[in-house]
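Student: I would like to learn how to read a model like this one. Can we go feature by feature?

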Amino acid sequence: MDLFFQQVLNGLTLGSIYGLVALGLTLVYGILHVPNFAHGALYMVGAYISYFVMVDMGLNYWVAMIAAAGVVALISVLCERLIFHPLRHAPPIHDKIAAIGVMLFLEAVVQMHWGADFRRMPTPYTSILHFGDITLPAQRLLIIVAAFSLMGLLHLYLKKTMTGSTIVAMAQNREGAFLVGINANRVAMMTFAIAGGLAAVAASLFAPINLVYPAMGHLLLTKAFVIIILGGMGSIPGAIIGALIIGFAEALGGFYISGTYKDLIAFALLVFILSVKPTGLFTKGVR
Amino acid sequence: MNRLVEFLVSPAMKILLIALALVFPFVAGDEYQIYVMALAFIWAIAAYGFNIITGYCGQLNLAHGGFFAIGAYVVAILTVDHGWAFWPAFVASMVAGAVFGFLVGVVSLRLKEHYFAIFTLCVGYIIYLLLDKWEEVTHGSLGIINITPPEGFGLIDFTETIPFYYLVLFFLVLAIWLCSRISNSLVGRTFRAIRTSDDLAQSLGINLMRNKVLAFVLSTVYAAGAGGLYAGVVRFIGPAEAEIQHTFDLITYMLVGGIGTLMGPLLGTLIIMWLTQFLQSLEEYRMIVFGPLLVLLVIFFPMGIIGSFLSWRGRRAARRSPAHKTLSRVTEDDQDDKNREAGNNA
């Protein structure tokens, strides 16, 4: 039973990280209806920046995380301004291709600058907490707490502030939002900034218990897509629920079924779900 | 000027291109250039497959590189682990491409636009993970070495570069010929109707699912066949063949040449492959150049070289004489059709 609870905790850690990444993806999709294939690369850049600030410049872990969030948010906004905005009236295939271009560009730049080696980021929180027979490294606790407080903050921002409501309004009804005078450019830039920032924070939180390398975003991006399809593309609670489902499925499946193929579990779930219900679990209709 | 433009689209141009390809090994500086050209032809075959599903039918299949890898692995596993000869293994690779393509297509093509692209991205990743992890069958991340080259039955030695070049050229011409037949047929027009609008095509009585699956299976057979040839010439493959970069390379080839045009994939592949060769030092970091290049192409130049040329020619003809235009539309219905297609695509 302890082993089971241990896996539940691991699943919660994974789910928190997936949730932060999937939230950014789903926000962007809700606003622009673009599947942002560059999102995984933004996550990867976030990990490298916090690694660089913390290890090479010797600054505090939290400073590194904030710096990474700032830089990645900026890159994300630039992508919106320079690429997705000019392509907003293009056929749907074009912005997808452009997003893949951005992804491979960012990866190549990082690889040229920092090399392709696998790196491990140190963490200031190395203690391990014990609850009976269950062990919980402090970093994992930090991940869970930080991720859920960020999700809470995002919820408050979207529901309680004016600027947050404009994002929700535009996701709900584009034309309606324009009619009441919402500035579409501002909302799009804000959404991309939030999405990038969340990805960078997720990367900084996850990097100490995972490896940092240029292709680290691929797997996470594909899983984040699985999550937002599960939860309905554009849906915020859907992304969090989907992330927890995938996190638990992987932790439990990896333990009880097969450790080698645990990365395949999410995709097997996706194939199964889309075969049964082509529009995703919680969506009401095809966009 | 006018003659030149007309020559470029005339049948004589095709004969000239084939003749150029035939004499290339005799004018090439060294064997390495012939080898690069043969590789470029192999990638061009895969790009033609991509062009059928994405260019003509409008479905962005991000697992295309994965099907290339499946073809390469079928040849590698059958020849190295099971002692098959190359040719039966090559046929098996295309059959595998068709079978896997059908299975994936039947599930994935029920999804539209974004869902389809995301789903195929995941399929590509599943293929990569399987090739990497399923060590009993695929040799895992070590890859497979010493793949049997094509047998020449005592007449030709395909381990030599020049005979192999001609072999690949033969398959390329076959692939382009088949593609042009498809493009001009009712099936090809059906594909383009689907690209223009799913709903409109359906209201014309087109069976969406059947035609999309057909386009998908055709494209995966192209990809798997190209992969099989690749395994035969390079004779070493690894899971890296299934990485998303290859799919992206193929998109670049297609976009540079002109997506949805007949000669676009070939032109794009040759230009980019040779550019990469000249920028040898860039090989590993080529995406620093090609990533932004692709973004710029998509924003400013979405029709590619051939597409832009055709639409420029179409506009020119229209400007010269309106009467001539209607005439030319009857006689060169096909070419004009492509102009409009290219226009729609943009």
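Tutor: Start with handedness. A crossing is left-handed if the near helix is turned anticlockwise from the far one by less than a right angle, and right-handed if clockwise. Helices (H or I, at least four residues) and strands (E, at least two) are DSSP runs, numbered from the N terminus. Here, helix 1 of chain A passes helix 9 of chain A in a right-handed crossing. This is a predicted model: local features need pLDDT of at least 70, side-chain atom pairs count only at pLDDT 80 or more, and totals for chains, interfaces and linings use all residues. Residues are numbered from 1 along each chain as its sequence is written, and chains are lettered from A and ligands numbered from 1 in the order in which they are written.

Student: At what angle do the axes of helix 1 and helix 9 of chain A cross?

Tutor: Axes are lines fitted to C-alpha atoms, for helices over the stretch in contact, and angles run from 0 to 180 degrees between N-to-C directions. Helix 1 (residues 2-32) and helix 9 (residues 216-231) of chain A cross at roughly 65°, and their axes come within 9 Å. Helix 1 of chain A is therefore roughly perpendicular to helix 9 of chain A. The cut-offs: under 35 degrees is roughly parallel, over 145 roughly antiparallel, 65 to 115 roughly perpendicular, and the rest oblique.

Student: Which residues of helix 1 and helix 9 of chain A meet?

Tutor: Contact means C-beta atoms, placed from the backbone, within 7 Å. Helix 1 of chain A brings A:Tyr18, A:Val21, A:Ala22, A:Leu25, A:Thr26 and A:Tyr29; among their partners in helix 9 of chain A are A:Leu220 and A:Lys223. The contact of helix 1 with helix 9 of chain A has ten nonpolar residues, one polar and one charged. For the classes, Ala, Val, Leu, Ile, Met, Phe, Trp, Tyr, Cys and Pro count as nonpolar, Asp, Glu, Lys and Arg as charged, and the others, Gly among them, as polar.

Student: How does helix 1 of chain A pack with helix 5 of chain A?

Tutor: Helix 1 and helix 5 (residues 138-160) of chain A pack at an angle of about 35°, with axes 9 Å apart. The crossing of helix 1 and helix 5 of chain A is left-handed.

Student: How many residues does each chain give to the contact between the chains?

Tutor: Chain A gives 35 residues and chain B gives 32 residues. On the side of chain A that touches chain B, helix 4 of chain A gives the most, with 15 residues. That side has 26 nonpolar, six polar and three charged residues.

Student: Is A:Gly101 buried or exposed?

Tutor: A residue is buried if 20 or more other C-beta atoms lie within 10 Å of its own, exposed if 12 or fewer, and partly exposed in between; C-beta atoms are placed from the backbone. A:Gly101 has 27 C-beta neighbours inside 10 Å, so A:Gly101 counts as buried. A:Gly101 lies in helix 4 of chain A. Leaving aside neighbours within four places in sequence, A:Gly101 is in contact with B:Gly291, B:Pro292, B:Leu294 and B:Val295.

Student: What is phi of A:His33?

Tutor: Most residues other than glycine have a negative phi. Phi of A:His33 is near 55°, a positive value. A:His33 is in the loop between helix 1 and helix 2 (39-56) of chain A. With 17 C-beta neighbours inside 10 Å, A:His33 counts as partly exposed.

Key:
Contact = placed C-beta atoms within 7 Å.
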